[in-house]
Amino acid sequence: MAGRRGGAAAAAASPAVVGAVSVLALVYYSTVFVFLDHWLGLGTTAGAAHAAGFSLVVAACFFSFLCAAASDPGSVPASFAPDAEDPQRQGLKSRYCDKCCMFKPSRTHHCKVCKRCVLKMDHHCVWINNCVGYANYKSFIICVLNAAIGSLYSLVVFLFDLFQTEHKYDVPYVKVIHVLVGVLLFFLSLTIGSLLCWHIYLLCHNMTTIEYREATRAKWLAEKSGQKYRHRFDLGTRKNIQMIMGPNILCWLCPTATGHLKDGTEFQITNN
């Protein structure tokens, strides 16, 4: 896994990254040392088991977050030159980037924020201060998965603590903070859960966010002419997942297991 330019220091310089890590720390502290401790008690077997399981999810989320933020999303090789007979280039406009003054492969786009071309670019994520592309998409989606599981778990613990235990708020602002954290957990679960569902859809169709926007119009034109549209890189759900997560299912949740990735300049296309 290649490091990005500037590494972790470049990612940490962003206020959005600091904010994301701060929210993660707040959710962890509130869930374990406030809600879980008040509901089951960390000294009990059940409380300790819940705390250990949640800590594991948060640690996995933070590690994949670092991998996505510090990794190079995918740079175009300096030696790359387009193949005039490449079937992937049929029907595509010129793959020359005027800003970078270089040719770029299929599925590569120029990021205005990073000011560079990114292989199989999905989008620029402010929360990791980095582009999400060919080389770090796996770590990104693992991070979103763990974040969705963690936020939903925190919300459930909050609700159990709220309705199954008695609360005595001696200080008024403590009750306000309690409610605000609950509202935060609800919106985190909703937004991150929706983001996870969206990227699972893209993953199963071997499509990026940019390609989805392009495919919307292509699908409309195909249906208008009485044809059936299928994304050119959609090889079937199983193969699509393996191309991103890897052939070994045991390594799917490991963000550093990216040995199956190639140079990101060529992609197999469907025969349909």
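The structure is a predicted model, in which local features need pLDDT of at least 70 and side-chain atom pairs count only at pLDDT 80 or more, while totals for chains, interfaces and linings use all residues. Residues are numbered from 1 along each chain as its sequence is written, and side-chain values use heavy atoms, with hydrogens and water left out.

The largest pocket comes out at about 690 Å³. Here a pocket is an open set of points, on a 1 Å grid over the protein atoms alone, where a 1.4 Å probe fits, with protein on both sides within 12 Å along at least five of seven lines; the volume is the space filled by probe spheres set on the points, which are joined across faces, edges and corners. Its lining runs to 27 residues, and Ala 20, Trp 127, Ala 147, Leu 188 and Ile 192 sit nearest the centre; a lining residue has an atom within 4 Å of a point. At least two lining residues come from each of helix 2 (15–39), helix 3 (45–70), helix 4 (137–164) and helix 5 (172–204), helices being DSSP runs (H or I, at least four residues) numbered from the N terminus. By type, the lining holds 22 nonpolar residues, 5 polar and no charged, where Ala, Val, Leu, Ile, Met, Phe, Trp, Tyr, Cys and Pro count as nonpolar, Asp, Glu, Lys and Arg as charged, and the others, Gly among them, as polar.

As for aromatics, the whole structure contains 14 pairs, a pair being two rings of Phe, Tyr or Trp (its six-membered ring) with centres within 6.5 Å; planes under 30 degrees apart are stacked, over 60 edge-to-face and the rest tilted. Phe 35 and Phe 158 are edge-to-face, because their ring planes stand at 75°, with the centres 5.1 Å apart. Phe 35 belongs to helix 2 and Phe 158 to helix 4, so this pair ties together parts 123 residues apart in sequence.

Phe 233 lies in the loop between helix 6 (209–224) and helix 7 (237–245), and Phe 267 in the segment after helix 7, 34 residues apart. Phe 233 is buried at 4% relative accessibility, and Phe 267 at 7%. The charged end of Arg 107 sits over the ring of Phe 233, 4.1 Å from its centre, and over that of Phe 267, at 4.8 Å; the criterion is CZ of Arg (or NZ of Lys) within 6 Å of the ring centre and within 35 degrees of the ring normal.

Methods:
Buried means under 20% relative accessible area, exposed over 50%, partly exposed in between (1.4 Å probe, protein chains only).
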